[in-house]
Amino acid sequence: EWINKTFNKPSEVIKAQVENDYIRFQGVSKNEYCYHNLVTMCSDIKYEIEVSVKDGKYKFDVLDLQKGDKDKYGIVNWGDVKFKKSWMYFKGNGEVRKMYADTMPKIANYFNVLNQSLYDYIYSQNEAAKKNDW
């Protein structure tokens, strides 16, 4: 229900679902992947999330993350984003490269806000239902 109310085309967003077990969906967000190299450059992100349910709890997992770069013809080419132990994002000593210092927190914040939206929907709906004898 939350996906139906959050995304424009829910039937295209939902990739897999098993009732009372999990639902997997895909989304795109504009200009979430940004880095600074003299100027700020931003790309769209495409992600796949799985929400699993068990024992009255849910787990929100980001399964896949890609960034989209447009070529000279305006066609978006998607490429994997791999933050773990990547020389691109980290110096040899493990420190985050300056140009990507804001990249990871921005993307993490996006997913935290999305997860909070799901959490608020689940628990607000339950409270509203109880108040209205539903």
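The lining of the second largest pocket divides into nine nonpolar, no polar and three charged residues. Here Ala, Val, Leu, Ile, Met, Phe, Trp, Tyr, Cys and Pro count as nonpolar, Asp, Glu, Lys and Arg as charged, and the others, Gly among them, as polar. The model is predicted: local features need pLDDT of at least 70 and side-chain atom pairs count only at pLDDT 80 or more, while totals for chains, interfaces and linings use all residues. Residues are numbered from 1 along each chain as its sequence is written, and side-chain values use heavy atoms, with hydrogens and water left out.

**The second largest pocket**

- The volume of this pocket is about 250 Å³, a volume being the space filled by probe spheres set on grid points that are joined across faces, edges and corners.
- A pocket is an open set of points on a 1 Å grid over the protein atoms alone, where a 1.4 Å probe fits, with protein on both sides within 12 Å along at least five of seven lines; lining residues have an atom within 4 Å of a point.
- Among the lining residues are Val62, Leu63, Asp64, Phe83, Met104 and Phe111.
- At least two lining residues come from each of β4 and α3; helices (H or I, at least four residues) and strands (E, at least two) are DSSP runs, numbered from the N terminus.

**The largest pocket**

- The largest pocket holds about 670 Å³ of space.
- Its lining comprises 26 residues, and Glu1, Ile23, Val51, Val53 and Ile122 lie nearest the centre.
- Two or more lining residues are given by each of α1 (2–6), β1 (14–18), β2 (22–37), β3 (39–54), β4 (57–70) and α3 (103–131).
- Helix α3 gives the most to this lining, with six residues.
- By class, the lining has 14 nonpolar, six polar and six charged residues.

**Aromatic pairs**

- There are eleven aromatic pairs, counted where rings of Phe, Tyr and Trp (its six-membered ring) have centres within 6.5 Å; planes under 30 degrees apart count as stacked, over 60 as edge-to-face and the rest as tilted.
- The pair of Trp2 and Phe25 is edge-to-face because the ring centres are 5.9 Å apart and the planes stand at 70°.
- This pair links distant parts of the chain, with Trp2 in helix α1 and Phe25 in strand β2, 23 residues apart.
- Trp2 has 6% relative accessibility and therefore counts as buried (under 20% relative accessible area, with exposed over 50% and partly exposed in between; 1.4 Å probe, protein chains only).
- Phe25, at 0% relative accessibility, also counts as buried.
- Tyr33, Tyr35, Phe83, Tyr89 and Tyr100 form one aromatic cluster.
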